[in-house]
Amino acid sequence: MGFAISNEDVARFHKSGIIQIDFGFDLSLLDEIIDAVEPLYPLAVERGAPHAGRLQDAWCEIEGCRRLATDQRVLDVLQVLFDRRPLPYQTLNFPYPTSQPVNTDTIHFATDPAGYHAAVWVALEDITEDNGALVYYPGTHERPELSMLDLGLRPTYDDYPAYEAKLAEFIESEGLKPERCCLKKGEALIWDAKLFHGGPAGTDPSRSRHSQVTHYTFEGCKYYTPLTSGPVYRSYRFPQWIPSEPTEPRPFGTEKPLSIPQRIVRKLTMYRYRAGDLLRSLRG
Ligand SMILES: O=C(O)CCC(=O)C(=O)O
């Protein structure tokens with residue numbers, strides 16, 4: 001029998017869209033991760049990141065990041081919460097608060113059938129409001145999804161700052177109340193992709209806020225990016241699953257290119273979706 005959570009925790013997750021769990025991670029693994037990722041942050045920008053405070057897919061290079069992302073206890077809990085086999089596909093490491101405005105993960109990654117995406121965010125050190133405890137809006141995962149088009153925006157990254165601003169206006173107009181998550185080193189948060197959440201700055205700018213978040217989707221879905229999908233096409237994705245066994249390290253940020261069959265499928269499914277949408281609109 002795997003790592004178990006109580007029925008109350010499962011109910012709490014489904015009600016609020018987030019839960020805090022202590023999986024009992026080995027704290028020395030977390031220290032190892034901090035030591036291993038720290039020298040990589042200066043390379044992040046060189047390898048395409050918008051700034052040096054975010055390392056995408058360090059698991060490719062750092063075995064500890066891969067081990068944390070594929071920890072069996074986490075997979076057991078995700079399996080129970082979503083009733084499907086979880087598939088980790090992306091890690092992000094942060095050395096300090098992200099100052100990330102409130103957003104949802106579903107604008108970046110969605111599934112068909114809908115609803116199969118989760119984030120698991122692990123505190124690699126104690127996290128309080130001083131060093132940027134995450135903010136979230138309980139229950140927002142149950143609201144109807146807000147696409148770029150619903151918000152009057154174009155489905156392109158150019159409109160992403162406007163998406164964040166619209167979400168902030170929406171929160172204000174609905175009078176939604178935020179909560180903060182202070183965590184002990186080693187504790188984790190699991191949230192549903194539709195949950196409104198953000199990473200505010202800390203009150204003490206001298207403090208670090210080391211964390212690793214892993215994004216998981218689930219088996220048996222089609223995967224796409226709503227942010228760049230329009231009314232008549234979808235931007236399909238072919239995520240690369242993080243392997244459950246150690247692999248040959250490769251530099252983070254160097255995605256394996258899509259295979260030729262994947263490229264063909266991507267084109268065909270995009271056209272099939274476009275054609276289906278066109279037919280539906282002609283039928284009225
Ligand atoms: O760590 C943070 O401040 C935000 C991370 C986050 O929102 C995410 O990875 O989805």
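Author: Two strands pair if DSSP finds at least two bridges between them, and strands (E, at least two residues) and helices (H or I, at least four) are DSSP runs numbered from the N terminus. This is a predicted model, in which local features need pLDDT of at least 70 and side-chain atom pairs count only at pLDDT 80 or more, while totals for chains, interfaces and linings use all residues. Residues are numbered from 1 along each chain as its sequence is written.

Reader: How many bridges join β2 to β3, and in which direction do the two strands run?

Author: There are 2 bridges between β2 and β3, and the strands run antiparallel; Leu55 stands opposite Asn93 in β3. Both strands belong to an open sheet of 6 strands, paired antiparallel in the order β1-β9-β6-β11-β3-β2. Its edge strands, β1 (18-22) and β2, each pair on one side only.

Reader: Which residues of helix α2 are buried?

Author: A residue is buried if 20 or more other C-beta atoms lie within 10 Å of its own, exposed if 12 or fewer, and partly exposed in between, with C-beta atoms placed from the backbone. In α2 (residues 27-37), the buried ones are Leu30, Ile33 and Val37. Taking the directions from the helix axis to the C-beta atoms, the buried residues of α2 fall within an arc of 55° when seen down the axis, so they line one face of the helix. The exposed residues Ser28 and Asp35 are carried on the face turned away from that buried side.

Reader: What covers the buried residues of α2?

Author: Here one needs contacts, that is, pairs of residues whose C-beta atoms, placed from the backbone, lie within 7 Å. The cover of the buried residues of α2 includes α3 (41-46), β2 (55-56), α4 (63-69), β3 and β11.

Reader: What surrounds the ligand?

Author: A residue counts as near a molecule if its C-beta atom, placed from the backbone, lies within 6 Å of it. The ligand is surrounded by Leu92, Phe94, Thr98, Gln100, Asp105, Ala119, Leu134, His197, Gly199, Ser211 and Val213. Two or more residues of this shell come from each of β3 (86-94), β10 (197-199) and β11 (211-218).

Reader: And the chain as a whole?

Author: The protein chain has 7 helices and 12 strands, its C-alpha trace spans about 60 × 50 × 45 Å along the principal axes, and buried residues make up 33% of its 284 residues.

Conventions: Two residues are in contact if their C-beta atoms, placed from the backbone, lie within 7 Å.
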